[in-house]
Amino acid sequence: MTAISAGIRRSPIVFLFETQILWGGWRKPAEVTMVEWNGIVVPIALCYERRGFMGCGVYASAKLEAQGYRDDRDATSTLTYPAENGSWFSTAGVRAGYELRLTTSIYMRVYLDVLKTISPPALRGGGAPLWEVSPLVGSVGLQLFYTLGHDHGRKPLFD
């Protein structure tokens, strides 16, 4: 996954807006020969940061697109046919993280998200599910970012 993030910081409050691009992947659920998928996730986080530690409320909306190839259900042919579908889904939850100041303007952020699925995606094709999301979603992230302006009073790791 690749992410682009922008934020506004007015210590101790941080507002983050991210765009995460899910590059093509594949999986093989039951009854489906292969599924290729991609998507875009847009999380928004409102955080409280203190001495590098941060706690956030997060809302994320995502669009997934999938294309699946399935064997002929009646077994009358060995050919496969494509099944395409797209779906929106949303999640909300919490983020915990830590920011390490590397230089005057460069930071590294490590975080953990725990999100509850609010509206699950409905990706189906050829009578079989192409993509399913569990009721509780977790993710771990590592970001390297450049900040403009105020240094937040923390001493950099490297001068």
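How many salt bridges does a search of the whole structure find? The search finds three. A salt bridge here is a side-chain nitrogen of Lys or Arg within 4 Å of a carboxyl oxygen of Asp or Glu.

Some ground rules come next. This is a predicted model, in which local features need pLDDT of at least 70 and side-chain atom pairs count only at pLDDT 80 or more, while totals for chains, interfaces and linings use all residues. Residues are numbered from 1 along each chain as its sequence is written, and side-chain values use heavy atoms, with hydrogens and water left out.

Start with the fold. The protein chain has nine strands and zero helices. Read from the N terminus, the elements run β-β-β-β-β-β-β-β-β. Strands (E, at least two residues) and helices (H or I, at least four) are DSSP runs, numbered from the N terminus. Contact means heavy atoms within 4.5 Å.

Next, burial. The chain has 159 residues, and 35% of them are buried. Buried means under 20% relative accessible area, exposed means over 50%, and partly exposed lies in between (1.4 Å probe, protein chains only). The chain exposes about 9,700 Å², with carbon and sulfur atoms supplying 63% of that area. Accessible areas come from the Shrake-Rupley method with a 1.4 Å probe; for residues, only the protein chains shown count as cover.

Now return to the salt bridges. Glu-18 pairs with Arg-95, and their closest N and O atoms are 3.0 Å apart. This pair links distant parts of the chain, as Glu-18 sits in strand 2 and Arg-95 in strand 5 (residues 80–101), 77 residues apart. Glu-18 has a relative accessible area of 1%, so it is buried. Arg-95 is buried too, at 2%.

Arg-95 also meets the side chain of Asp-113 in a salt bridge, 2.6 Å from N to O. Here the partners are 18 residues apart, with Asp-113 in strand 6 (residues 106–119) and Arg-95 in strand 5.

What surrounds Asp-113, leaving aside its neighbours within four places in sequence? Asp-113 is in contact with Val-58, Val-94, Arg-95, Val-137, Gly-138 and Ser-139. Its relative accessibility is 4%, so Asp-113 counts as buried. The side chains of Asp-113 and Arg-95 also make a polar contact at 2.6 Å. A polar contact is a pair of N or O atoms within 3.5 Å; within protein, one must be able to donate a hydrogen and the other to accept it, and residues adjacent in sequence count only if both atoms are side-chain atoms.

Another salt bridge joins the side chains of Arg-109 and Glu-99, at 2.6 Å from N to O. Arg-109 lies in strand 6 and Glu-99 in strand 5, so the pair ties together parts that are 10 residues apart in sequence. Arg-109 counts as buried at 3% relative accessibility. Glu-99 counts as buried at 0%.

The covalent link is next. The structure holds one disulfide, formed by Cys-47 and Cys-56 with their sulfur atoms 2.0 Å apart. The term covers cysteine sulfur pairs within 2.5 Å. The torsion about the S-S bond is about 100°, so the disulfide is right-handed. Cys-47 is buried at 2% relative accessibility, and Cys-56 is buried at 8%.

Arg-51 lies in the loop between strand 3 and strand 4 (53–71). Its phi is near 55°, a positive value in a residue other than glycine. Most residues other than glycine have a negative phi. Arg-51 is exposed, with a relative accessible area of 65%.

Ile-8, Ile-13, Phe-15, Phe-17, Ile-44, Leu-46 and Tyr-48 make a nonpolar patch of about 660 Å². Strand 2 (13–27) and strand 3 (34–50) are the elements that give two or more residues to this patch. Patches are made of residues with over 30% relative accessible area and no salt bridge; like charges are joined within 9 Å, and nonpolar side chains (Val, Leu, Ile, Met, Phe, Trp, Tyr) within 5 Å. Ile-8 is found in strand 1 (residues 2–10). Ile-8 is exposed, with a relative accessible area of 59%.
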